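I shall record what I looked up, one contact at a time.

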Amino acid sequence: MGIEGDLREEFDRWERAQTATFTALPYVLLAVSVSITLLQLPAHLPVVLGLSGAAALWLRCFPLRALRAGYYAGFLAITAGLAALAPWYGLFAFAGYPLAFQYLTGRWRYAGAAATAMVSAVAFLGGTAKIDAENLWWVWLGVSVLSIAVAWAVCYFVEMAYQRNELQKQALAELHEVNLELEAALAENAALHVRLLARAREAGVLDERQRMAREIHDTLAQGLAGILTQLQAAEHTAAEPAVLGRHLANATELARESLVEARRTVQSVEPAVLAEARLPEAIGEVARKWSAANGIAAVLTTTGDARPMHTDVEVALLRTAQEALSNVAKHARARRVGLTLSYMPDLVTLDVRDDGVGFEPNAKRANGSTNGGFGLAGMRQRVQRFAGRLDVESEPGRGTAISAAVPAIPAGGAR
């Protein structure tokens, strides 16, 4: 923008200077010609001075300048009369060249330059009286031809310069339009950037809310459900002190673990069980504790090259295992659960199968959803964050199989 503005200002200064020069030059040359003529006192001084006054008035005839060719022809006629009577008015005749460019166009400029050259040749040879007295008309013709050739050559180069300047002015005008469009685009982009930032903040807030909802469901809600289950079982075994004590101990342990997980959720820290062990051991520990608390056999099988994955990937698989086991405890009435953690070159999968009562996956729930409750939705959201997928296979009386597959993002890899 700064360069474009400087160039436009430079062109404006050049045009103002050119206009001022073209305006003042004829008057200056006329004044010089009159001064020299007065010093020489030619024979036709009154006529010369009269024509000089007429030339000055003609230069001031602004209305006639609308008729450009006629105005130039009038100027040239007065100049020819002055050059014929007083040779020093050849200086004033020189003004015909810039005026030809100012008031004529195309080939008429060359015609004006040729006529000016012929008038200047008369002045150069001493006026018409001397040319006629010494029979110099052939000399005048030769000087005229030579002057016309030089004038046309100068006209050609000046016209090229004019065209180049016009092209530069056009390019500057186009550049100015482009800059205006660019400024508008930048302003629009700035507004769009503000909107995108606002939406990004909204998306960040929504994502954090969903994360907290999933974590609360997977920690506090499951913990409270487990505590409630143990307390209900304890209530039914009040007459058996040993069984009662076991249920109460399980409830106490669940409450302690839920409190720890709640604190880690608020602090956005990975689950305690993952902080202390690798993913297979962590899922195995979860399955062992769940089996002990619910009296249902749960076995974990690991296949492939067990290797550290990105923390978020391992958390997603661990939470999926916890939610799947929680659903089995609440709904399946199963006797046995099998978990399979498979490490493949590009994927890590977790399969949880039970031999429970099963359900119809596409049946509408009480909330109108066909995707299961919040637990299944939370599991889907977790794996879909990594371009993974969650598949649920079940039918009444034939158990349920849940399969979660996520990309095998190594520890320290980009999400």
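**Entry 1: helix 3 and helix 5.** I looked up helix 3 and helix 5 (residues 96-103) and found that their axes come within 10 Å and cross at roughly 170°. Since angles over 145 degrees count as roughly antiparallel, helix 3 is therefore roughly antiparallel to helix 5. On the helix 3 side, the contact is made by Arg68, Tyr71, Tyr72 and Phe75, and on the helix 5 side by Gly96, Leu99, Ala100, Gln102 and Tyr103. I sorted the residues of this contact by class and noted six nonpolar, two polar and one charged. I also noted that the model is predicted.

**Entry 2: helix 3 and helix 2.** I then asked at what angle helix 2 and helix 3 pack. The angle is about 160°, and the axes are 10 Å apart. Helix 2 and helix 3 are therefore roughly antiparallel to each other, and helix 2 passes helix 3 in a left-handed crossing. From helix 2, the residues that meet helix 3 are Val47, Val48, Leu51, Ser52, Ala54, Ala55, Trp58 and Leu59. Their counterparts in helix 3 are Gly70, Tyr71, Gly74, Phe75, Ile78, Gly81, Leu82 and Leu85.

**Entry 3: aromatic pairs.** How many aromatic pairs does a search of the whole structure find? The search gives eight. Trp58 belongs to helix 2 (residues 45-59) and Tyr71 to helix 3, so the pair ties together parts that are 13 residues apart in sequence.

**Entry 4: helix 3 and helix 6.** Next I looked up helix 3 (residues 68-85) with helix 6 (residues 107-124), and found an angle of about 15° and axes 8 Å apart. Angles under 35 degrees count as roughly parallel, and helix 3 and helix 6 are therefore roughly parallel to each other. Helix 3 passes helix 6 in a left-handed crossing. In helix 3, I listed Tyr72, Leu76, Thr79, Ala80, Ala83 and Ala84, which meet Gly112, Ala115, Thr116, Val119, Val122 and Ala123 in helix 6. This contact has nine nonpolar, three polar and no charged residues.

Entry 5: I turned to the strands and found an open sheet of five, in the order 1-2-3-5-4, with mixed pairing. Which strands are at the edges? They are strand 1 (297-303) and strand 4 (389-394), each of which pairs on one side only. On average, neighbouring strands of this sheet are turned by 10° against each other, direction ignored. Strand 4 runs antiparallel to strand 5 (residues 400-407), and six bridges join the two. I looked up Leu390 in particular, and its bridge partner in strand 5 is Ala404. Finally, I noted that helix 12 (residues 311-332) packs on the sheet, where it touches strand 2 (336-343), strand 3 (347-354), strand 4 and strand 5. The direction of helix 12 makes about 10° with that of strand 3.

Key. Residues numbered from 1 in each chain as written. Predicted model: local features only at pLDDT ≥ 70, side-chain atom pairs only at ≥ 80, totals over all residues. Heavy atoms only, no water. Axes fitted to C-alpha atoms, helices over the stretch in contact; angles between N-to-C directions. Helix = DSSP H or I, 4+ residues; strand = E, 2+ residues; numbered from the N terminus. Parallel < 35°, antiparallel > 145°, perpendicular 65-115°, else oblique. Left-handed = near helix turned anticlockwise from the far one by under 90°. Contact = heavy atoms within 4.5 Å. Nonpolar A, V, L, I, M, F, W, Y, C, P; charged D, E, K, R; others polar. Pairing = 2+ DSSP bridges. Phe/Tyr/Trp six-rings, centres within 6.5 Å; stacked < 30°, edge-to-face > 60°.
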